[in-house]
Amino acid sequence: MRTARTALALLTALALATGCGAKVTEGGDTEAPGKQASSGHYPVTIENCGVRTTYDKAPRRVVTNDVGIAEIMFALGLEDRMAGYVAPDYRADREAVPWKDGYEKVKWLSKKEITKELVLDAKADLVFAGWNYGFAEGRGFTPDALKKLGVGSYVLTESCRNGGAGRARGVMPPLEALYTDLTTLGKVFDVEDRAAKLVADFKKKVAKAQAGVPAEGKRPTVFLYDDGRDKATTSGAFAGPHDIITKAGGDHVMKDVKDTWPSVGWETVVERNPDVIVINNYGDVTAEQKKDFLKSYPPLAGVSAVKNDRIFVLDYVDLVESPRNPAAIAALARYLKGVREQ
């Protein structure tokens, strides 16, 4: 333990000496340390989850946490600015996306949770994570804790806390959160044209998917099932599935919950009687096992989606904020079109 503490102290000293994390200014904003005269693009000031930060240069050793966040960096072509990524070994297809090379170019640092020791060992100057996507007070892994080590933070916009009850998250519609992060990171890394093209392409893809959705008429009601037996973890209005369901032509039955990933009792699912259930495919419990549970759980026997076997599967990275969201909308739109035509 003494050796581990000594190593951590040395790494902390190194980070404080060489890192380019954020520091608080008199106005309560933050700015990158080591301020130098710059020309052209820098300095740039951005706002992220209500915190303003000034960058005098682009971060060079970014560590990301979770697969959707890593793919945001990959989609922006920022692999050369990354020291590595942390993510479990999700079952999502990594070959079907334009940015698949990112997985080959960037080091996979860990399949377990992100830690301060891992970040310092990677000599990171910025951590891109989110609340409940790596950042958590209970583990002492927070933007404030990293700042004390000389490491900056960028918080996934989907996960911004909204000041509501408890730790409620979400300050804008989910797709807007994705576009906001792409646009903001484009400024931070001086790839604004690349970010603007991505956003424009994604908006076209979403518009194309919506073109087949009737402007009027009854929409199939949809419930997102993440996991859980005693209660169901689901999507509220600020998690990715809300916009994915709505823009695909569905009526999200949990749209009144102003949070990202809450838990609800099964009686709520029965009461709202969704026409379709979308399964979030991730973790140790497979999508097929989740489907078997839904179909065999007696309280759900009378629910329309279960009775009619209308259960659709999307992967985790499709449903959290990620550049896969537009393709997920298109896939669900095709499925819901079939449901409407039955």
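This is a predicted model: local features need pLDDT of at least 70, side-chain atom pairs count only at pLDDT 80 or more; totals for chains, interfaces and linings use all residues.
**Overall make-up**

The protein chain contains 13 helices and 16 strands, and buried residues account for 54% of its 342 residues. When contacts between residues at least 6 apart in sequence are considered, 66% of them join residues at least 24 apart.

**Two helix pairs**

Two packed helices are described by the angle between their axes and the distance between the axes. The table sets out these values for two pairs in the model.

| Helix pair | Axes come within | Crossing angle | Handedness |
|---|---|---|---|
| H6 (residues 174-188) and H7 (residues 192-210) | 7 Å | roughly 160° | right-handed |
| H8 (residues 240-247) and H13 (residues 325-341) | 8 Å | roughly 45° | right-handed |

For the pair formed by H6 and H7, the axes cross at roughly 160°, and because of this angle H6 counts as roughly antiparallel to H7. On the H6 side the contact is made by Leu175, Leu178, Tyr179, Leu182, Thr183, Gly186 and Lys187, while H7 contributes Glu192, Ala195, Leu198, Val199, Phe202, Lys203 and Val206. Sorted by class, the residues in this contact are nine nonpolar, two polar and three charged.

For the pair formed by H8 and H13, the axes cross at roughly 45°, and H8 is therefore oblique to H13. Here Asp243, Ile244, Ile245 and Lys247 of H8 meet Asn325, Ala328, Ile329, Leu332 and Leu336 of H13. By class, the contact of H8 with H13 comprises six nonpolar residues, one polar residue and two charged residues.

**Helix H10 and its two sides**

Helix H10 spans residues 287-296, and within this helix Ala287, Lys290, Lys291, Phe293 and Leu294 are buried. These residues lie on the same side of H10, because they cover an arc of only 160° around the axis. An α-helix has 3.6 residues a turn, so residues three or four places apart point the same way. On the other side of H10, by contrast, Glu288 and Ser296 are exposed.

With a relative accessible area of 0%, Leu224 is buried. Leaving aside residues up to four places away in sequence, Leu224 touches Thr233, Thr234, Ser235, Pro241, Trp261, Val278 and Leu319. The C-alpha atom of Leu224 is separated by 9.6 Å from that of Pro274, although these two residues are 50 residues apart along the chain.

Ser235, which is one of the residues that Leu224 touches, is found in the loop between strand S12 (232-233) and H8. Ser235 counts as buried, because its relative accessibility is 0%. With residues up to four places away in sequence again left out, Ser235 touches Leu224, Pro241, His242, His252, Met254, Thr260, Trp261 and Pro262.

Methods
Residues are numbered from 1 along each chain as its sequence is written. Side-chain values use heavy atoms; hydrogens and water are left out. Buried means under 20% relative accessible area, exposed over 50%, partly exposed in between (1.4 Å probe, protein chains only). Helices (H or I, at least four residues) and strands (E, at least two) are DSSP runs, numbered from the N terminus. The arc is that of the directions from the helix axis to the C-beta atoms. Axes are lines fitted to C-alpha atoms, for helices over the stretch in contact, and angles run from 0 to 180 degrees between N-to-C directions. Angles under 35 degrees count as roughly parallel, over 145 as roughly antiparallel, 65 to 115 as roughly perpendicular and the rest as oblique. A crossing is left-handed if the near helix is turned anticlockwise from the far one by less than a right angle, and right-handed if clockwise. Contact means heavy atoms within 4.5 Å. Ala, Val, Leu, Ile, Met, Phe, Trp, Tyr, Cys and Pro count as nonpolar, Asp, Glu, Lys and Arg as charged, and the others, Gly among them, as polar.
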